[in-house]
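Good morning, and thank you for coming. I would like to take you through one protein model this morning, and I ask that you keep the picture in view as I speak.

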Amino acid sequence: MIRDILKIGHPLLRDTAKPLPADMVPSDLVKKLISDLIETMRHAKGAGLAAPQIGELVRIFVVEVEDNPRYPYKPNIPLTVVINPVIEYLTKDRFDNYEGCLSVPDLRGVVSRCPHIRLRGMDPNGKPIDQEIRGLSAATFQHELDHLNGTLFVDRVTDTKTLCTIDAFGMWHEDDFRRKVRDIEQKYNPGESMK
Ligand code: ZN
């Protein structure tokens, strides 16, 4: 079922989501919630969606990038569902990422993110997830984890002069950002083809 996506200002987006008890995975309730998250994310053409964005205060998010028109420069990410995610930074390096959010309509801004992380958690069948993510995609997972802690990307924008509409991003900032993305991908995912 396609659910309504809460927008900035809704108090539930500012709450801390609760861990999902392991004995609830897998359950019909959780399966339904996950399928709603996936359907709603795909319908809205998001790169990810966290449960609080549809008003459910549990620690689950989904991520998927497949030639996304909202973010044409993003490398693809296979559908990933993470329950009770934990992210560990594997480098002190940071990069400037232009972010947007389905809960913050028509706005982009620069956020500092770690380009090499370890993601742990549980998949929808209760199996452990433990993977390393490198490059621009690492930022997507950090963005979704923030949602579970009541944080929106605008909270992390240190230079508010970078804030812009999606049209303005395309007109004034996208070319420069694409060059930076290429550098990040070459450094952290060498050998992989770039769009
Ligand atoms: Zn978001």
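I shall speak about the metal site, then the sheet and its helices, and finally the aromatic rings. Please bear in mind that this is a predicted model.

Let us begin with the metal site. Which residues coordinate the zinc ion? They are Cys101, through its SG atom, and His143 and His147, each through NE2, at 2.1 to 2.3 Å. Along the chain, these donors follow the spacing C-x41-H-x3-H. Histidine 143 and histidine 147 both belong to helix α2, which covers residues 136-148; because they are four residues apart there, about one helical turn separates them. Are these two histidines buried or exposed? Histidine 143 has a relative accessible area of 7%, and histidine 147 has one of 2%. Buried means under 20%, so histidine 143 is buried, and histidine 147 is buried as well.

I turn now to the sheet. Five strands make up an open sheet, in the order β1-β2-β3-β6-β7, with antiparallel pairing. At its edges are β1, residues 48-50, and β7, residues 128-134, each of which pairs on one side only. On average, neighbouring strands of this sheet are turned by 40 degrees against each other, direction ignored.

Consider next the strands β6 and β7. Strand β6, residues 116-122, pairs with β7 in the antiparallel sense over seven bridges. Within this pairing, histidine 116 stands opposite arginine 134, and arginine 120 stands opposite aspartate 130. The two strands form a hairpin with five residues between them, and in the turn glycine 126 has a positive phi of about 90 degrees.

Helix α1, residues 28-44, touches β1, β2 and β3, and its direction makes about 35 degrees with that of β2.

Finally, the aromatic rings. The count comes to seven aromatic pairs. One of them joins tyrosine 73 and phenylalanine 169: the pair is tilted, with 6.0 Å centre to centre and 55 degrees between the planes. Tyrosine 73 lies in the loop between β2 and β3, whereas phenylalanine 169 lies in helix α4, 96 residues apart. Tyrosine 73 is buried, at 4%, and phenylalanine 169 is buried, at 2%. Ring pairs link Tyr71, Tyr73, Tyr98, Phe169 and Phe177 into a cluster. The charged end of arginine 108 sits over the ring of phenylalanine 169, 5.3 Å from its centre.

Terms used: Residues numbered from 1 in each chain as written. Predicted model: local features only at pLDDT ≥ 70, side-chain atom pairs only at ≥ 80, totals over all residues. Heavy atoms only, no water. Donors = N, O, S within 2.8 Å, 3.2 Å for Na, K, Ca; no water. Buried < 20%, exposed > 50% of the residue type's maximum accessible area, 1.4 Å probe, protein only. Pairing = 2+ DSSP bridges. Axes fitted to C-alpha atoms, helices over the stretch in contact; angles between N-to-C directions. Contact = heavy atoms within 4.5 Å. Phe/Tyr/Trp six-rings, centres within 6.5 Å; stacked < 30°, edge-to-face > 60°. Lys NZ or Arg CZ within 6 Å of the ring centre and 35° of its normal.
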